[in-house]
Amino acid sequence: MQDILKNLPEEKRTLRAWIGIIILLLYLLSFAVINILGSSLVQMDEKFLTSQDPISLLVSQAFLHFLMFIVVGILISYLLLKFDVKEFFLRASWISLGLSIGIALGSMVIISAIGEWNMNLEFGDSDFAKWARQSEDQLKLLTEHITNFQSAQHFFLAILAVAIIPAIGEELIFRGLLQSLFVRILKNHHVAIWLTGFIFAAIHLQFFGLAPRMLLGVVFGYMYYWSGRLSLAVVGHLANNGFALLFLYAAQNDMVAISPDKMDESAPWPAVLIFSFVTAYLLFRFYKKPQQNA
């Protein structure tokens, strides 16, 4: 993993790391609070959502994500840490890129089983449980609306708004900055990776999808730590989101023999087992020879 504090004098690095962590956590907390308040003020039912233009919603999402993650991440890197974000995107070989994509796609099959289990968890009748379920249902309605592809142009816009920009922005904020700063402060990369993965999952406010998103964040975290190239985590993140959209587009256009309504279901257990072994092997390759692969 890269030392994002290397351009600062040694005596200033720990303090800047603490300042960076505090700024990032407060920023992400405010982001979550705004989303909570917004969802409570605007009750999105199916009638309300279908009246909204999905293209406009995707454009707005792309712009806000670009501003709130990529731009903010760049500003924190340059102004506070004196780190050039171009160093996050060092050249990687085709082998390392292929491993990143393979790990991401294999993880999707494994995580589908964990996601189905998480989605069916019962949290009782508490106010939190009701709010979490309502938020989950609203987000599902929104996702279905903006990914009900009416044209190829609609699909490619979704790739930009849901896959490309989030992959760059979220990896920059969470793995590139937050995880790196946690490693500096905590002196334990395992704790830093898992803590960052939890924050990454929690900030999405999808508590019935917390476990799979956290594990995916952990996978990206180790990929970055082992290789020293954030670009490989970005490629993995992009492959995960992009392939999900591609498969949905294919299902909607009868290119694959699966109904779009069953996209959230777990893969068959034999497939989960097979892909668990395949993904473990790819991770082992990634871990054993990160420098050669990169």
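# Notebook: a chain of helices

**Overall dimensions.** I began with the radius of gyration: a compact globule of 294 residues would come near 19 Å, and the chain has 19 Å, so the value agrees with that expectation. I note at the outset that this is a predicted model. Along the principal axes, I found that the C-alpha atoms fill a box of roughly 55 × 45 × 40 Å.

**Secondary structure.** I looked up the elements next and recorded 11 helices and 0 strands. Read along the sequence, the pattern is α-α-α-α-α-α-α-α-α-α-α.

**Burial, surface and contacts.** I noted that buried residues account for 45% of the 294 in the chain. The accessible surface came to about 15300 Å², and carbon and sulfur atoms hold 68% of that area. I then turned to contacts between residues at least 6 apart in sequence: 81% of them join residues at least 24 apart.

**Nonpolar cores.** Which residues have the most contacts inside the largest nonpolar core? I found Phe88 and Phe174, in a core of 47 residues. The elements that contribute two or more residues to this core are helix 1 (10–41), helix 3 (54–80), helix 4 (94–119), helix 6 (152–186), helix 7 (189–202), helix 8 (210–227), helix 9 (230–252) and helix 10 (269–288). Helix 6 gives the most, with 10 residues. Apart from this core I recorded another, of 15 residues, among them Leu58, Ile146, Leu157 and Tyr249.

**Phenylalanine 174.** I listed what this residue touches, not counting residues up to four places away in sequence. The list reads Leu28, Phe69, Gln179, Thr196, Ile199, Phe200 and Ile203.

**Glycine 73.** I placed glycine 73 in helix 3. With a relative accessible area of 0%, glycine 73 falls under the 20% limit and therefore counts as buried. Leaving aside neighbours within four places in sequence, I found glycine 73 in contact with Leu172, Ile173 and Leu177. I also checked glutamate 170, which is 97 residues from glycine 73 along the chain; their C-alpha atoms are separated by 9.0 Å.

**Serine 77.** Serine 77 is likewise found in helix 3, and I recorded it as buried, at a relative accessible area of 0%. Where does the side chain of serine 77 reach a backbone oxygen? I found this at glycine 73, at 2.9 Å. An α-helix has 3.6 residues a turn, so residues three or four places apart point the same way. Beyond neighbours within four places in sequence, serine 77 is in contact with Lys82, Phe83, Val85, Phe88, Leu172 and Leu177.

**Serine 96.** I looked up serine 96 in helix 4.

**Helix 8.** I compared the length of helix 8 with expectation: at 1.5 Å a residue, its 18 residues should span 26 Å, and the end C-alpha atoms are 26 Å apart, which agrees. Of these 18 residues, 13 are buried, so helix 8 is largely enclosed by the rest of the structure. Just after helix 8, I recorded a positive phi of about 75° at glycine 228.

Note on methods: Residues are numbered from 1 along each chain as its sequence is written. This is a predicted model: local features need pLDDT of at least 70, side-chain atom pairs count only at pLDDT 80 or more; totals for chains, interfaces and linings use all residues. Side-chain values use heavy atoms; hydrogens and water are left out. A nonpolar core is a set of buried Ala, Val, Leu, Ile, Met, Phe, Trp, Tyr and Cys residues joined through side-chain atoms within 4.5 Å. Buried means under 20% relative accessible area, exposed over 50%, partly exposed in between (1.4 Å probe, protein chains only). Helices (H or I, at least four residues) and strands (E, at least two) are DSSP runs, numbered from the N terminus. Contact means heavy atoms within 4.5 Å. The radius of gyration is taken over C-alpha atoms; the globule rule is 2.2 Å times the number of residues to the power 0.38. Accessible areas come from the Shrake-Rupley method with a 1.4 Å probe; for residues, only the protein chains shown count as cover. A polar contact is a pair of N or O atoms within 3.5 Å; within protein, one must be able to donate a hydrogen and the other to accept it, and residues adjacent in sequence count only if both atoms are side-chain atoms. The expected span of a helix is 1.5 Å times one less than its number of residues.
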